[in-house]
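Here is a short briefing on one protein model. Look over the sequence and the structure before reading on.

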Amino acid sequence: MGHNNEVALPEHRYWTDAWNGYPAARERLMKFLSERKVANPVVLSGDIHAFVVSGLHLKAADLDSPLVAPEFVTTSISSDAVPEQYFESVRKLNPNLLTATASTGAT
């Protein structure tokens, strides 16, 4: 659900299989949680072949906007690993990612 700055990664584009493809819907949800003062919201996500912890901001790409919720992402137990070098470059572009690491993949 967290915003991913993929602009500097030429092999990646915004796609509609992730929340970057639905910025207005994501912003409405964050605004709802913020305005209603929902206590302790947490977003659980998965199936991206990685483990990620990120902060979800009121305005996804604006890291100065208030944090609304944390997001915890897990991989499936049978996912192939994404190369760790990919996550090194992604973390540099996305300071909202508190941690991101490749899954170990199936053996």
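The model is predicted.

**Backbone angles in the loop**

- Most residues other than glycine have a negative phi.
- Lys 37 sits in the loop between helix H1 (23-35) and strand E1 (43-46).
- Is Lys 37 buried or exposed? Lys 37 is exposed, because its relative accessibility is 71% and the cut-off for exposed is over 50%.
- Asn 40 lies in the loop between H1 and E1.
- With a relative accessibility of 71%, Asn 40 counts as exposed.

**The largest cavity**

- Rolling a probe the size of a water molecule over the atoms shows where empty space is left.
- The largest cavity has a volume of about 40 Å³.
- Its lining includes Met 1, Gly 2 and His 3.
- Arg 26, Met 30, Gly 55, Leu 56 and His 57 are also among the lining residues.
- Ala 60 and Asn 96 line the largest cavity as well.

**Where the lining comes from**

- H1 and strand E2 (50-57) each supply at least two residues of this lining.
- Which element gives the largest share of the lining? That element is E2, with three residues.
- By class, the lining has four nonpolar, five polar and one charged residues.

Key:
Residues numbered from 1 in each chain as written. Predicted model: local features only at pLDDT ≥ 70, side-chain atom pairs only at ≥ 80, totals over all residues. Heavy atoms only, no water. Helix = DSSP H or I, 4+ residues; strand = E, 2+ residues; numbered from the N terminus. Buried < 20%, exposed > 50% of the residue type's maximum accessible area, 1.4 Å probe, protein only. 1 Å grid on protein atoms, 1.4 Å probe; cavity = no way out; pocket = protein on both sides within 12 Å on 5 of 7 lines; lining within 4 Å. Points joined across faces, edges and corners; volume = space filled by probe spheres on them. Nonpolar A, V, L, I, M, F, W, Y, C, P; charged D, E, K, R; others polar.
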